[in-house]
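Hello,

Here is the structure I promised to pass on to you.

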Amino acid sequence: MLTREFLLKADCKTSFGDIEETLLWSCEQRAASLAATLACRPDHSPVWIFGYGSLMWNPIFEADEVASGALEGWHRAFCLRLIA
C-alpha cells in the first residue's frame with residue numbers, strides 16, 4: 001500500500017522497481033535541479049503545487065497554506081480498460 005511512510009523512506013529505485021540505473025538522478029542531482037528551478041522564479045515568491053488524488057489526502061509534505069482551485073474547461077476521469 002502506498003502510504004506517507006513508504007514515500008518518506010523510499011527512493012526512486014524502491015518506488016519504481018527494476019529501472020535502469022542511468023535513468024535515476026542522485027540525491028545531489030535532484031537537489032541541484034530543484035535549486036536551479038527555484039532560482040528561476042522572477043520574484044522569489046512562494047511555490048504553489050497543484051495536487052489532486054493522493055496528493056490532497058496524503059501529501060508527503062506539510063503545506064503552509066491550502067486553497068481550492070478549478071481549471072475551467074478541464075476534467076479528470078478514471079478510465080480502466082480490461083482486455084480478456
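**Notes on the model**

Arginine 76 is exposed, at a relative accessible area of 61% (buried means under 20% relative accessible area, exposed over 50% and partly exposed in between, with a 1.4 Å probe and protein chains only).

The model is predicted, so to speak of local features a pLDDT of at least 70 is needed, and side-chain atom pairs count only at pLDDT 80 or more, while totals for chains, interfaces and linings use all residues. Residues are numbered from 1 along each chain as its sequence is written, and side-chain values use heavy atoms, with hydrogens and water left out.

Now the overall picture. The protein chain has 4 helices and 0 strands, in the order α-α-α-α from the N terminus; helices (H or I, at least four residues) and strands (E, at least two) are DSSP runs, numbered from the N terminus. Of the 84 residues in the chain, 4% are buried. The chain exposes about 8200 Å², and carbon and sulfur atoms supply 61% of that area (Shrake-Rupley method with a 1.4 Å probe; for residues, only the protein chains shown count as cover).

How confident is the prediction, on average? The mean pLDDT (the predictor's confidence in each residue, from 0 to 100) is 79 for the protein chain, and 79% of the residues score at least 70. Confidence is highest in H3, with a mean of 90, and lowest in H4, with a mean of 65. Where pLDDT is low, the predicted coordinates should not be read in detail.

The loop between H3 (27-39) and H4 holds histidine 44, which has a positive phi of about 55° although it is not a glycine. Most residues other than glycine have a negative phi. Histidine 44 is exposed, at 54% relative accessibility. Aspartate 43 is in that loop between H3 and H4 too, and is exposed at 53%. Its side chain makes a polar contact with the side chain of serine 45, at 2.9 Å (a pair of N or O atoms within 3.5 Å; within protein, one must be able to donate a hydrogen and the other to accept it, and residues adjacent in sequence count only if both atoms are side-chain atoms).

On the surface, Leu8, Val47, Ile49, Ile60 and Phe61 form a nonpolar patch with about 450 Å² of accessible area together. Patches are made of residues with over 30% relative accessible area and no salt bridge, with like charges joined within 9 Å and nonpolar side chains (Val, Leu, Ile, Met, Phe, Trp, Tyr) within 5 Å; a salt bridge is a side-chain nitrogen of Lys or Arg within 4 Å of a carboxyl oxygen of Asp or Glu. Isoleucine 60 sits in the segment after H4 (54-57) and is partly exposed, at 37%.

Best wishes
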